Amino acid sequence: MNVRPDFSKHGNKAETAPAFLSVWDMHSYYGESYIVQGINFNVHEGEILALLGRNGAGKTTTLRSIARMDSPQVNHGEIWLDHQPLHKMASYEAAAAGLGLVPEDRCIIPGLTVEENLQLAQIAPPIGWSLDRLYDLFPRLGERRKQEGVTLSGGEQQMLSIARALARDIKVLLLDEPYEGLAPVIVDEIEKTLRHVKEQGMTTILVEQNAVRALQLADRAIILDTGSIVFDGTAAEVLENESLRAEYLAI
Amino acid sequence: FTNEPTGGSVTLGFNVPQTGPYADEGADELRAYELAVEHLNGGGDGGMMQTFSSKALEGSGILGKKVEYVTGDTQTKSDAARASAKSMIEKDGAIMITGGSSSGVAVAVQGLCQEAGVIFMAGLTHSNDTTGKDKKANGFRHFFNAYMSGAALAPVLAKAYGEDRKAYHLTADYTWGWTQEESIKAATEALGWETVEAVKTPLAQTDFSSYIAPVLNSGADVLVLNHYGGNMVNSLTNAVQFGLREKQANGKNFEIVVPLFSRLMARGAGENIKGILGSTNWHWSLQDEGTKAFVKSFGTKYGFPPSQAAHTCYVQTLLYADAVQRAGSFDPCAVAEALEGYEFDGLGNGPTLYRAEDHQCFKDVLVVRGKENPTSEFDLLEVVEITPRGQVEYAPDHPMFAGGALGSCNPGV
Amino acid sequence: MGILEVKDVNKRFGGLKALSEVNLSVVENTVHAIIGPNGAGKSTLLNCLVGKLIPDTGSVMFDGQSVLGRKPFEINQMGISRVFQTPEIFGDLTVMENMMIPLFAKRDGVFRLHAIESVESESELRGRAEQMLEDVNMLDKRHMHSASMSRGDKRRLEMAMCLVQEPRLLLLDEPTAGMARADTNNTIDLLKQIKASRDITMCIIEHDMHVVFSLADRITVLAQGTPLVEDVPEKIKGHPKVQEAYLGEHA
Amino acid sequence: MDAIILQILNGLDKGSAYALIALGLTLIFGTLGVVNFAHGALFMIGAFCAVTLNRLLTLSHQVVDETRTDFLGNPLKVDVPYMQDIFGEATGAAIIDWSVPLAILFSIPIMIGFGVIMERGLIKHFYKRPHADQILVTFGLAIVLQEVIKQIFGANPIPTPAPDVFRGSFDFGTMLGFDPNVIIYPYWRLVYFGFAAIIIGAVFAFLQFTTFGMVVRAGMADRETVGLLGINIDRRFTIMFGLAAAVAGLAGVMYAPINSPNYHMGMDFLVLSFVVVVVGGMGSLPGAVLAGFLLGILESFASMNQIKSILPGIDQIIIYLVAIIILLTRPRGLMGRKGVMED
Amino acid sequence: MFGLGKRDLTLFLIVAVMALFAPFILNPFPTDSGMAQFNAGYPDLMQRFVIFGILAIGFNILFGLTGYLSFGHAAFLGVGSYAAVWMFKLLSMNVIPAILLSMIVSGLFAVVIGYVSLRRSGIYFSILTLAFAQMSYNLAYSVLTPITNGETGLQITLDDPRILGVSATADGGIPVTNLFGLEMRSFETLNIGPWAFQFSVGYYVAAVIMLISFYIAIRIFRSPFGMMLRAIKSNQNRLYYTGLNARPYTLAAFVISGMYAGLAGGLLACMDPLAGAERMQWTASGEVVLMTILGGAGTLIGPVLGAGFIKYFENIFSKINDQVVHGWVSFLPDGLEDLVVALIHPFVGKGWHLTLGLMFMLIVIFLPGGLVEGGQRISRRLRRKPAEDDAKSASTEPAE
Ligand SMILES: Nc1ncnc2c1ncn2[C@@H]1O[C@H](COP(=O)(O)OP(=O)(O)OP(=O)(O)O)[C@@H](O)[C@H]1O
Ligand SMILES: Nc1ncnc2c1ncn2[C@@H]1O[C@H](COP(=O)(O)OP(=O)(O)OP(=O)(O)O)[C@@H](O)[C@H]1O
Ligand SMILES: CC(C)C[C@H](N)C(=O)O
Ligand SMILES: [Mg+2]
Ligand SMILES: [Mg+2]
């Protein structure tokens with residue numbers, strides 16, 4: 001087992017427990033453009049962290065960096081998940097290490113049916129929820145299992161994308177705007193699910209434009225602005241801090 | 001005149017296929033050219049210069065100028081061949097262009113040389129058109145042609161297979177194929193053979209099974225393959241696979257004929273060539289002095305005997321050099337005059353005439369057969385008959401060669 | 001008689017009835033919202049309006065003319081523009097070029113071979129494009145390669161491309177999904193302002209009730225391919241059926 | 001009637017060659033989305049595996065035969081294959097005779113290795129590059145391969161016969177009640193047909209009854225996402241490539257006795273195999289196979305004299321003509337998948 | 001000036017100057033030096049450079065802008081050549097009617113093929129164009145021989161009618177292609193010391209036409225039409241819903257680029273009045289594609305560079321034989337000399353294809369944007385030296 005360096009002095013202010021996922025001095029680039037400009041944060045086991053900020057602040061870039069996607073390139077920094085050095089891994093290795101990302105554009109695979117999209121998630125171990133359990137959670141998907149994934153309605157695709165992440169046995173769930181395009185009732189539904197998986201010990205990073213909803217769910221929050229962290233604290237602190245909300249979240 | 005040599009050397013242009021399906025022929029032609037240049041400049045054992053009836057050449061270059069050469073790749077495409085020849089003329093100052101191993105290329109390059117005012121000594125080209133409807137005053141062909149193949153082959157065929165035969169032709173669908181089909185048909189029909197069917201096959205064809213299969217059922221008892229190169233290798237292989245050679249038709253043994261043979265190609269056909277009749281311009285196993293001298297110097301230098309392509313190219317080079325020497329000038333018109341109506345001997349084919357009317361050489365033609373028990377990988381053909389020149393001659397205005405005109409020689413600028 | 005009249009439209013996908021007996025009448029110069037659960041058929045309905053799909057039965061009239069059987073570009077030339085649920089922009093082009101194309105389409109029709117003129121010299125059109133970018137707060141990004149923008153920005157660009165055509169009917173499929181709160185508010189203001197300053201009818205699909213209630217003059221609720229209710233916003237909010245099927249506890 | 005049966009037989013055989021080549025190509029091109037202009041070269045290399053094995057088996061030492069002379073008049077050197085020294089004359093000759101079937105075994109590891117090296121060393125870097133770049137690099141590779149072969153083996157075809165027992169032909173006609181010698185078919189071509197059927201079946205089974213095919217398809221559509229699901233797609237692409245190379249190579253090995261291998265046989269088949277794959281429909285294995293047989297049969301019919309006399313030159317263009325008609329009437333070829341290489 | 005922006009104008013002027021001085025630039029080595037082999041400044045090759053440049057420029061209008069990869073472009077080249085030669089046979093040896101007819105005929109041909117092929121996109125389009133071109137080639141090689149003269153290629157002969165000219169010159173020769181009496185094949189040689197520079201009429205005629213074509217291409221790239229074409233490549237769907245019909249735009253691009261190809265074919269025939277069927281073969285179409293990608297698809301100058309690169313290899317490398325190689329390394333001791341020759345041998349002369357294939361691979365691997373990218377890298381490196389600090393600070397700035 002790899003040993004995690006102690007970056008606690010660079011980490012979050014409200015340090016209560018040893019970090020489960022640590023991001024240390026991460027710098028990410030799309031080609032020449034410098035996007036994520038040296039961020040540090042920790043997430044603790046079983047915690048929901050809200051990652052907030054304006055359009056273009058770098059939220060998606062941060063998640064993609066953690067998930068070790070080909071772009072952006074992380075030129076500097078370390079990412080540790082449960083003692084494993086993610087920054088040394090390819091994206092499929094990171095996934096095997098327990099990372100699950102629900103990407104912002106859903107990335108339903110064309111040419112595959114709903115069911116195949118889910119099966120695909122269960123080819124490489126570790127395997128998580130069974131398909132039946134997922135169909136219970138999202139009955140609409142069960143009804144449409146033979147339909148080609150990309151012909152689903154926008155909201156249905158979002159459900160499929162989340163279900164696909166849960167189909168794997170993951171330790172950390174990275175959600176990029178999971179509520180986008182979902183009907184309010186479904187948002188409630190998903191929120192319930194998130195609480196449920198949290199109770200089972202899942203660690204989550206939630207990127208969401210609907211800051212109020214996100215903060216109601218999250219334990220802690222980070223606010224990004226042009227690639228740097230401008231706030232790091234508990235969710236309650238954000239809700240209390242009038243000027244912060246006005247400046248970065250417009251709520 | 002174009003590219004008049006001024007310094008101490010003269011440049012010849014050897015334009016052969018270095019890539020594409022005829023690349024091996026091209027390589028052999030190039031070897032022959034290099035050998036010829038060596039001999040002309042006084043190197044080596046002199047090869048056929050020793051046996052050549054004309055003694056004008058002295059091994060001191062041409063008219064005292066050292067022979068140099070440039071090479072180019074025709075790719076067996078008329079376009080590319082012309083581009084290559086053009087660059088030899090424009091850039092390298094070549095005074096004569098020679099080579100090629102396809103009639104299309106030969107005709108195209110011949111046309112170019114006519115316009116540019118240099119001499120063209122054709123290499124491997126067998127179509128009647130080269131010295132027929134596409135003949136040019138600046139162009140000369142030593143190689144034989146389809147008509148001659150027919151005239152030489154037909155009597156042998158009649159003797160071997162009888163006069164009551166039904167022939168089925170498969171013909172490569174382009175100019176050379178057509179002239180050969182026409183020639184062979186005419187010659188065999190004159191002897192009483194009947195032509196059941198003549199089918200054109202696409203040049204790019206590699207699998208001939210769908211053309212071969214119907215042959216058996218057609219009532220024919222002879223298959224004539226007017227194919228060359230890869231086409232010939234493949235169609236012959238396919239025909240043998242279909243068991244044509246073991247079959248009987250009309251109460252006779254079924255036979256296959258390949259009118260134009262080449263040893264290099266025969267190798268590709270392997271076993272299948274055994275016992276098959278065809279014609280060829282020259283073969284290394286001939287026993288005249290010229291042939292022996294040539295095979296010796298070529299074989300010593302390269303380790304294997306020359307092909308007919310190599311032979312004709314070597315001869316063409318000597319003939320050109322000799323003509324210049326005799327004319328005392330590189331002027332194409334003077335050279336042409338020296339070649340026209342020229343009679344010579346000692347170059348492997350017996351007494352030969354360069355006819356003035358169409359610049360075609362007339363000489364004996366070999367009828368050959370695929371050898372049953374070859375002693376080596378080169379010993380694939382055996383000479384069945386040497387058809388005398390008189391039998392293959394034709395009038396310059398023979399209908400198969402009609403149309404077109406030699407025009408007047410062009411010395412260029 | 002509305003500017004857009006949808007009569008008895010049916011659309012099936014295999015065994016699935018995506019739209020059944022849909023009737024809709026949109027009054028000129030109003031904002032008509034279509035809401036409903038995921039997979040209700042909202043996007044499908046829009047697809048039938050712009051020629052992406054052809055309904056199995058029924059009729060669609062725009063300004064007294066049928067749109068059925070026309071090609072998408074002909075329908076656009078009739079004055080209908082559409083913003084898609086997932087942003088459709090010219091990713092290889094710059095923001096400014098993205099804006100110029102709809103302007104050319106508007107001015108020159110479906111095809112004109114202007115091969116020798118220069119784009120630079122079209123100062124009138126450029127002015128309009130820049131004005132529009134100004135309005136959506138994107139003028140500073142006008143030389144940017146549009147594919148490398150964040151998702152929220154792509155959305156805004158697509159909306160600007162549609163608006164700059166000054167369509168008579170603007171169809172918006174979740175225009176503010178994934179947009180930062182501040183930009184959502186800007187968008188609402190912009191749409192309001194455009195509505196006030198020129199003749200334009202809008203059909204908007206949105207899951208963000210804040211947007212819907214700020215803009216809509218009338219709302220149709222679609223569920224399982226059929227209109228459930230159609231009314232003014234105030235009535236919809238309290239409608240029990242709508243609450244149950246769609247809004248949930250967050251009404 | 002007999003002529004028609006004969007041409008159908010012919011077409012099936014031609015078709016099985018087309019289908020086999022197209023099958024390998026469709027694994028790379030239709031499934032991995034790589035426009036592989038070196039596919040013909042793989043086919044050619046397969047054929048030259050047969051030639052090479054034949055050369056290896058006939059490796060000889062020379063014995064001087066004083067009784068005979070070579071072309072220069074020196075004593076003739078006769079080649080005696082080592083095989084005959086080792087196994088005795090009869091067995092040695094039999095082994096040499098069976099060199100083509102043996103080459104099948106010989107070629108599989110070579111072709112897989114070749115495919116894997118090619119993918120790892122070159123193609124891997126081109127998945128994300130534009131198709132045009134793939135064309136350029138694979139075309140360059142094809143040229144290099146064929147030039148190397150040419151420099152080693154020369155430009156002329158090299159006869160590579162099938163074992164003696166397969167020489168000759170089978171008389172179908174008598175089975176169907178026709179006269180003898182009316183409908184005949186060479187044995188080796190029957191073998192080729194059967195072999196093609198087995199390979200096609202095996203590849204189908206592998207891709208159909210395992211998730212491999214689905215994963216690779218998914219990976220082609222969206223590599224990123226597949227990686228997010230913990231799948232090492234690179235490795236599977238490599239395997240796929242090796243498989244495709246093996247299929248292409250086997251097609252080549254078996255083809256060697258039908259047409260003597262030469263260095264440009266790959267280029268000769270290249271365009272045709274792309275046409276077959278596209279007519280079959282991008283991304284569809286059954287499509288490629290179906291199109292291969294269809295075009296093979298149509299080509300055979302077009303070469304019938306009865307048809308040629310009505311439409312001269314039809315056999316030269318039939319494949320292209322049919323391709324045009326099919327692509328115009330069926331947008332994605334016979335069985336193409338939506339969205340595969342449509343832009 | 002000329003309605004071009006500053007950068008385009010600079011590029012255009014550079015190309016114009018290079019074209020004007022090509023006979024010097026391409027002949028850097030003295031005629032009698034060993035390196036003279038590498039000189040490319042003789043009329044035929046220079047003509048080919050500019051003519052294939054035109055072909056590639058035209059192809060790039062279609063491929064570089066719309067992304068439609070035509071794999072049958074050589075058909076237009078061939079048709080243009082045939083049209084031009086027929087004009088020489090029937091009308092006169094003046095090149096103007098020949099060029100005009102070749103553009104018209106290939107344009108019409110392109111309308112027909114484009115109309116049908118553009119109903120599909122992506123690889124399906126490529127195969128449709130390929131199929132049309134291969135059909136044309138196969139037919140031209142055999143069945144259509146009366147029109148095309150098959151394998152040999154269409155040539156002018158002494159008995160052509162030539163209504164507005166003469167069938168044969170006074171001395172019995174075939175008349176020469178000319179521009180109102182200015183013969184295409186005539187040239188002047190300028191000897192400066194050991195150098196010999198050839199100025200050919202044909203080359204300058206072709207070069208002027210190339211510059212005009214290049215100018216038009218720049219205008220098209222910068223025009224609204226060009227922008228539409230790029231939009232088609234980027235997102236056809238969006239285009240449809242923006243009220244534009246992609247089909248006429250792509251068809252227009254297809255026809256324009258077909259006419260460029262026809263023009264190139266016509267010019268080839270003007271320089272050397274022969275039209276061979278091989279011009280239409282798929283390998284020829286492939287060559288156009290390779291030229292464009294090699295130079296840099298979608299860039300203005302790339303295709304011209306790519307065309308020059310390939311033609312240079314074809315004409316210069318294929319002509320380097322062992323004799324020449326020996327000439328270069330003759331200063332080495334004998335054994336070493338032979339070794340070096342043996343090492344070089346596989347790559348030159350008949351091995352020129354091998355070198356070409358390797359160059360294709362190396363360029364596309366190391367210069368993804370083609371030769372233009374290579375040029376840019378060099379100039380960037382040259383420029384970076386003084387401005388190193390600027391570059392550093394620029395790259396650390398956020399993208400926005
Ligand atoms: N592929 C790319 N290439 C270059 N720049 C990119 C790319 N993707 C994103 N960017 C830039 O990176 C910055 C951050 O983008 P990112 O997608 O991370 O923002 P975000 O916070 O997720 O915004 P949103 O809320 O709109 O999704 C933006 O300025 C964007 O323009
Ligand atoms: N091409 C298709 N084939 C099969 N089913 C389809 C197709 N397109 C849409 N559907 C189905 O039709 C239903 C309606 O889809 P639509 O996209 O109109 O929903 P929506 O109301 O826009 O939902 P959302 O709010 O989630 O975007 C969905 O259940 C979807 O799965
Ligand atoms: C090489 C030649 C002997 C045959 C060739 N096909 C020709 O046209 O003449
Ligand atoms: Mg984002
Ligand atoms: Mg929708």
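A disulfide here is a pair of cysteine sulfur atoms within 2.5 Å. In general terms, it is a covalent bond between the sulfur atoms of two cysteines. Before we go on, please note that this is a predicted model, in which local features need pLDDT of at least 70 and side-chain atom pairs count only at pLDDT 80 or more, while totals for chains, interfaces and linings use all residues. Residues are numbered from 1 along each chain as its sequence is written, chains are lettered from A and ligands numbered from 1 in the order in which they are written, and side-chain values use heavy atoms, with hydrogens and water left out.

How many disulfides does a search of the whole structure find? There is one over all chains, and it joins B:Cys333 to B:Cys409, with an S to S distance of 1.7 Å. The torsion about this S-S bond is about 125°, so the disulfide is right-handed. B:Cys333 lies in helix H11 (residues 332-339) of chain B and B:Cys409 in the segment after helix H12 (389-392), so the pair ties together parts that are 76 residues apart in sequence. Helices are DSSP runs of H or I with at least four residues, strands are runs of E with at least two, and both are numbered from the N terminus.

Buried means under 20% relative accessible area, exposed means over 50%, and partly exposed is in between (1.4 Å probe, protein chains only). B:Cys333 has 22% relative accessibility and so counts as partly exposed. B:Cys409, at 24%, counts as partly exposed too.

C:Cys162 is in no disulfide, and the nearest cysteine sulfur, that of C:Cys203, is 13 Å away. With 2% relative accessibility, C:Cys162 counts as buried. A:Cys107 is at 15%, which also counts as buried.

## Two magnesium ions

Donors are N, O and S atoms within 2.8 Å of the metal (3.2 Å for Na, K and Ca); water is not among the atoms, so sites may look incomplete. Which residues are the protein donors of the magnesium ion that is ligand 4? They are A:Thr60, through OG1, and A:Glu104, through OE, lying 1.9 to 2.3 Å from the ion. A:Thr60 sits in helix H1 (residues 59-66) of chain A, and A:Glu104 in the loop between strand S6 (99-102) and helix H3 (114-121), so that the pair links distant parts of the chain, 44 residues apart. Both A:Thr60 and A:Glu104 are buried.

C:Ser43 belongs to helix H1 (residues 42-50) of chain C and C:Gln85 to the loop between strand S6 (80-83) and helix H3 (95-108), so the two tie together parts that are 42 residues apart in sequence. C:Gln85 counts as buried, at 13% relative accessibility.

## Ligand 1, between three chains

Ligand 1 lies between chains A, C and E. It is surrounded by 20 residues (a residue is near if one of its heavy atoms lies within 4 Å). The closest are A:Asn55, A:Gly56, A:Thr60, A:Thr61 and C:Ser148. The shell divides into five nonpolar, nine polar and six charged residues. Here Ala, Val, Leu, Ile, Met, Phe, Trp, Tyr, Cys and Pro count as nonpolar, Asp, Glu, Lys and Arg as charged, and the others, Gly among them, as polar.

Polar contacts are pairs of N or O atoms within 3.5 Å; within protein, one must be able to donate a hydrogen and the other to accept it, and residues adjacent in sequence count only if both atoms are side-chain atoms. An oxygen atom of ligand 1 is 2.8 Å from a polar backbone atom of A:Gly56, and a backbone N or O atom of C:Gly152 lies 3.0 Å from a ligand oxygen. The protein covers 88% of the 630 Å² of accessible area that ligand 1 has on its own (Shrake-Rupley method, 1.4 Å probe; for residues, only the protein chains shown count as cover). H1 of chain A gives the most to the shell, with three residues.

## Ligand 2, between two chains

Ligand 2 lies between chains A and C. Of the 22 residues around it, A:Ser153, A:Gly155, C:Lys42, C:Ser43 and C:Thr44 come nearest. Polar side-chain atoms of C:Ser43 and C:His207 lie 2.6 Å and 2.9 Å from an oxygen atom of the ligand. Taken alone, ligand 2 exposes 640 Å², and the protein buries 88% of that.
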